[in-house]
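Grab a pencil and work through these exercises with the model open beside you. Try each task before you read its solution.

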Amino acid sequence: MLLAPLAEAAAQSVGSSGLPLPRFVSLKSGKVNLRVGPGLNYAIEWRYLKSGVPMEIIQEYDNWRRVRDADGAEGWINQSLLSGRRTAIAAPWQRGKETEILLRTQPDTSSRIIARLEPGVIGTISMCNGTWCEMDFAGHKGWVSQSQIWGAYPGETYKD
């Protein structure tokens, strides 16, 4: 019973930037250091080597953002290395399993399948209607069930 009010409170909180917390962003650069604290004097815990990886901002401090990745790793990244461009990972919780995520022509389970996505592939979000997201995976554009991606909240609506 207590979880619903807490989830609502978290969804409605606002960071010092004036933007909502938590929120999704992506990595702007191909080399991004994840640090144990909010500053250059903190140790590097992890280095991301690919731009466009989705991140969830969960806290703000000055120009530093505490982020969480799809695997649950948390740390601090300077805001200059983050982009408001929304990306998502297809079912990262299914990596290594014989599973396909279907990209369709329309936001409907009966529409034609455009592509079968492997878990872990990253795409760019154009829009989400709360149930489906229109995305581009390496030039393949279509709709994927919002419950099958990490990079948009359940029920969230979004338009680029």
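**Exercise 1: Follow the strands**

Task: Find out in which sense β7 and β8 run, and how many bridges join them.

Solution. Before you start, note that this is a predicted model, where local features need a pLDDT of at least 70, side-chain atom pairs count only at pLDDT 80 or more, and totals for chains, interfaces and linings use all residues. Residues are numbered from 1 along each chain as its sequence is written, and side-chain values use heavy atoms, with hydrogens and water left out.

Step 1: know your terms. Helices (H or I, at least four residues) and strands (E, at least two) are DSSP runs numbered from the N terminus, and two strands pair if DSSP finds at least two bridges between them.

Step 2: look at β7 and β8 (residues 74–78). They run antiparallel, joined by 5 bridges. One place to check is V67, whose bridge partner in β8 is G75. The hairpin leaves 5 residues between these strands, and G72 there has a positive phi near 95°.

Step 3: now go to the other partner of β7. Strand β6 (residues 54–61) pairs with β7 (residues 64–68) in the antiparallel sense, again with 5 bridges. Here E56 has R68 as its bridge partner. This hairpin has 2 residues between the strands, and D62 takes a positive phi near 55°.

**Exercise 2: Pair up the rings**

Task: Decide how the rings of F24 and W150 are arranged.

Solution. Rings of Phe, Tyr and Trp (its six-membered ring) pair if their centres lie within 6.5 Å; planes under 30 degrees apart count as stacked, over 60 as edge-to-face and the rest as tilted. By this rule there are 3 aromatic pairs.

Step 1: apply it. The centres of F24 and W150 are 4.9 Å apart and the planes sit at 85°, so this pair is edge-to-face. F24 is in strand β3 (residues 23–27) and W150 in strand β16 (residues 149–150), so the pair ties together parts 126 residues apart in sequence.

Step 2: check burial (buried means under 20% relative accessible area, exposed over 50%, partly exposed in between, using a 1.4 Å probe and protein chains only). F24 has 6% relative accessibility, so it counts as buried. W150 counts as buried too, at 16%.

Step 3: W46 and Y48 have ring centres 6.4 Å apart and planes at 65°, so they are edge-to-face. W46 is exposed at 51%, whereas Y48 is buried at 8%.

Step 4: look for a cluster. Ring pairs link F24, W150 and Y153 into one.

**Exercise 3: Find the core**

Task: Which residues of the largest nonpolar core touch the most other members?

Solution. Step 1: a nonpolar core is a set of buried Ala, Val, Leu, Ile, Met, Phe, Trp, Tyr and Cys residues joined through side-chain atoms within 4.5 Å. Step 2: the largest core has 16 residues, and L117, I125, M135 and I149 touch the most other members. Step 3: β14 (132–137) is among the strands that each supply at least two residues, and β14 gives the most, with 3. Step 4: a second, separate core of 12 residues includes V32, Y48, V53 and L82.
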